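Reader: I am new to this structure. Please take one part of it and walk me through it closely.

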Amino acid sequence: MSDSTPQTYSLEILAETTGVSTQMIVQYQEYGIIHPDFDDETVRTLRRIEALREACEMNLSGLKMLTQLLDEVEQLRQELRTRR
């Protein structure tokens with residue numbers, strides 16, 4: 001049985017799953033770094049953001065710009081895969 005509906009999480013479960021505080025998640029959401037629908041992609045994004053923030057000591061503006069660039073790179077990779 002295949003369920004194509006993505007898994008969604010509450011703020012509390014997302015915080016528990018990623019180790020990111022609820023306050024920081026809300027900040028990321030308000031700043032437009034993550035989307036308001038907390039799903040598996042949000043979990044991946046939060047883990048990536050936290051790794052970048054810790055490794056590069058980036059502020060919210062830098063994190064937002066970098067995540068947008070990484071999303072664009074992934075989109076371009078997917079487009080290239082479909083052309084083959």
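**The loop between H3 and H4, and what lies around it**

Author: Glutamate 57 is found in the loop between H3 and H4. Helices here are DSSP runs of H or I with at least four residues, strands are runs of E with at least two, and both are numbered from the N terminus. This is a predicted model, in which local features need pLDDT of at least 70, side-chain atom pairs count only at pLDDT 80 or more, and totals for chains, interfaces and linings use all residues. Residues are numbered from 1 along each chain as its sequence is written, and side-chain values use heavy atoms, with hydrogens and water left out.

Look at the backbone. Most residues other than glycine have a negative phi. Glutamate 57 is not a glycine, yet its phi is positive, about 50°. Glutamate 57 is also exposed, with a relative accessible area of 71%. Exposed means over 50%, buried under 20%, and partly exposed in between, using a 1.4 Å probe and protein chains only.

Next comes leucine 60, in helix H4. Leucine 60 is partly exposed, at 22% relative accessible area. Leaving out residues up to four places away in sequence, it touches Gln27, Tyr28, Tyr31 and Ile33. Contact means heavy atoms within 4.5 Å. Leucine 60 and isoleucine 33 are 27 residues apart in sequence. In space their C-alpha atoms are 8.2 Å apart.

Isoleucine 33 leads on to the largest pocket. Ile33, Ile34, His35, Thr45 and Asp71 lie nearest the pocket's centre, among 14 lining residues. Helix H3 (40-56) and helix H4 (60-83) are the elements that give two or more residues to this lining. The lining divides into two nonpolar, six polar and six charged residues. Ala, Val, Leu, Ile, Met, Phe, Trp, Tyr, Cys and Pro count as nonpolar, Asp, Glu, Lys and Arg as charged, and the others, Gly among them, as polar. A pocket is an open set of points on a 1 Å grid over the protein atoms alone, where a 1.4 Å probe fits, with protein on both sides within 12 Å along at least five of seven lines; lining residues have an atom within 4 Å of a point. The volume of the largest pocket is about 240 Å³. That volume is the space filled by probe spheres set on the points, which are joined across faces, edges and corners.

Now step back. The protein has four helices and zero strands. Of its 84 residues, 24% count as buried. Its C-alpha atoms fill a box of roughly 40 × 35 × 20 Å, taken along the principal axes.
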